[in-house]
Amino acid sequence: YFLYVTLFQRWFTGAARFANQPFSVKLTDYAGQRDVLKQVAFDVLIHPIWFFPMYYTLKEALCGQPNIFEADSPTKVGTTALSKYYKNNFDRSSEEGLLADWLAFWKIWIIGDVVVYGCCPMWARLPMNHVFSFVYICVLSFMRGAPTPSEKQ
């Protein structure tokens, strides 16, 4: 709530006004549309920077071998998690190619953010954001949920 409502209203001064307008008015409010594009850009370029390391670390802490309860130190779990994140997204030899998680994130969140910031009234931003978050977490879990062949041994 603090980020999406409080801070976004502060950073993007026309956000609340634009969000609460009827859709027919939004079609001709070009300043509001620019604010929507700024919010979308902020969301799809800034969030992945902290989201993916947290996701990989939590996944490794709970499901990794060794997990947080079995590892000698938490730094081993963190190091393994971040190396998997690097391998899946920045290693040129990766089977999936570069930025695989980021591309999946952008495929869902660019459209999702346009809907959330451009079409929803202010009161509906968080519930609609949660719908898109659920969908994305399902996609990411299907992409990264199964153990890799080296983890199965």
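Student: Let's jump right in. Where does Lys59 sit?
Tutor: In this predicted model, Lys59 is part of helix α4.

Student: Is that lysine buried or exposed?
Tutor: Lys59 counts as buried because its relative accessibility is 17%, and the cut-off for buried is under 20%.

Student: OK, what does Lys59 touch, apart from its neighbours within four places in sequence?
Tutor: With those set aside, Lys59 is in contact with Gly64, Arg144 and Gly145.

Student: Let me zoom out. What's the secondary structure of the chain?
Tutor: The chain has eight helices and zero strands. Read along the sequence, the pattern is α-α-α-α-α-α-α-α.

Student: And what are the overall dimensions of the C-alpha trace?
Tutor: Along the principal axes, the trace spans about 60 × 30 × 20 Å. The radius of gyration is 19 Å, whereas a compact globule of 153 residues would come out near 15 Å.

Student: How much of the chain counts as buried?
Tutor: Of its 153 residues, 41%.

Student: What share of the contacts with a separation of 6 or more is between residues 24 or more positions apart?
Tutor: Those pairs account for 64% of them.

Student: Back to α4. How do the axes of α4 and α6 cross?
Tutor: Helix α4 covers residues 30-63 and helix α6 covers residues 100-118; their axes come within 9 Å and cross at roughly 140°. That makes α4 oblique to α6. The handedness of the α4 and α6 crossing is right-handed.

Student: Which residues make that contact?
Tutor: On the α4 side they include Val36, Val40, Val44, Pro48, Phe52 and Tyr56. From α6 you get, among them, Trp102, Phe105, Trp106, Trp109, Ile110 and Tyr117.

Student: How does the contact of α4 with α6 split by class?
Tutor: There are 15 nonpolar, three polar and three charged residues. Asp43 of α4 and Asp101 and Asp113 of α6 are among the residues in the contact.

Student: Now α6 and α7, how do their axes cross?
Tutor: Those two axes come within 10 Å, with a crossing of roughly 165°. That makes α6 roughly antiparallel to α7, since an angle over 145 degrees counts as such. α6 passes α7 in a right-handed crossing.

Student: Who meets whom in α6 and α7?
Tutor: From α6, the list includes Ala100, Ala104, Phe105, Ile108, Trp109, Val115 and Val116. The α7 partners include Met128, Phe132, Val135, Tyr136, Val139, Leu140 and Met143. By class, the contact of α6 with α7 has 15 nonpolar, three polar and three charged residues.

Student: What about α4 and α5, how do those axes cross?
Tutor: The axes of α4 and α5 come within 8 Å and cross at roughly 125°. So α4 is oblique to α5, and their crossing is right-handed.

Student: Which residues are in that one?
Tutor: α4 gives Pro48, Phe52, Pro53, Tyr56, Thr57, Glu60 and Ala61. α5 gives Val77, Thr80, Ala81, Leu82, Lys84, Tyr85, Asn88 and Asn89. The residues of the contact of α4 with α5 divide into nine nonpolar, four polar and two charged.

Student: Why would residues three or four places apart point the same way?
Tutor: Because an α-helix has 3.6 residues a turn.

Student: What about Leu99, what's its phi?
Tutor: Leu99 has a positive phi of about 55° although it isn't a glycine. Most residues other than glycine have a negative phi, and most peptide bonds are trans. Leu99 is found in the loop between α5 and α6, and is partly exposed at 26% relative accessible area.

Student: Last one: where's Asp91?
Tutor: Asp91 is in the loop between α5 and α6. Asp91 counts as partly exposed because its relative accessibility is 23%. Leaving aside neighbours within four places in sequence, Asp91 is in contact with Tyr86 and Leu98.

Notes
Residues numbered from 1 in each chain as written. Predicted model: local features only at pLDDT ≥ 70, side-chain atom pairs only at ≥ 80, totals over all residues. Heavy atoms only, no water. Axes fitted to C-alpha atoms, helices over the stretch in contact; angles between N-to-C directions. Helix = DSSP H or I, 4+ residues; strand = E, 2+ residues; numbered from the N terminus. Parallel < 35°, antiparallel > 145°, perpendicular 65-115°, else oblique. Left-handed = near helix turned anticlockwise from the far one by under 90°. Contact = heavy atoms within 4.5 Å. Nonpolar A, V, L, I, M, F, W, Y, C, P; charged D, E, K, R; others polar. Rg over C-alpha atoms; globule rule 2.2 N^0.38 Å. Buried < 20%, exposed > 50% of the residue type's maximum accessible area, 1.4 Å probe, protein only.
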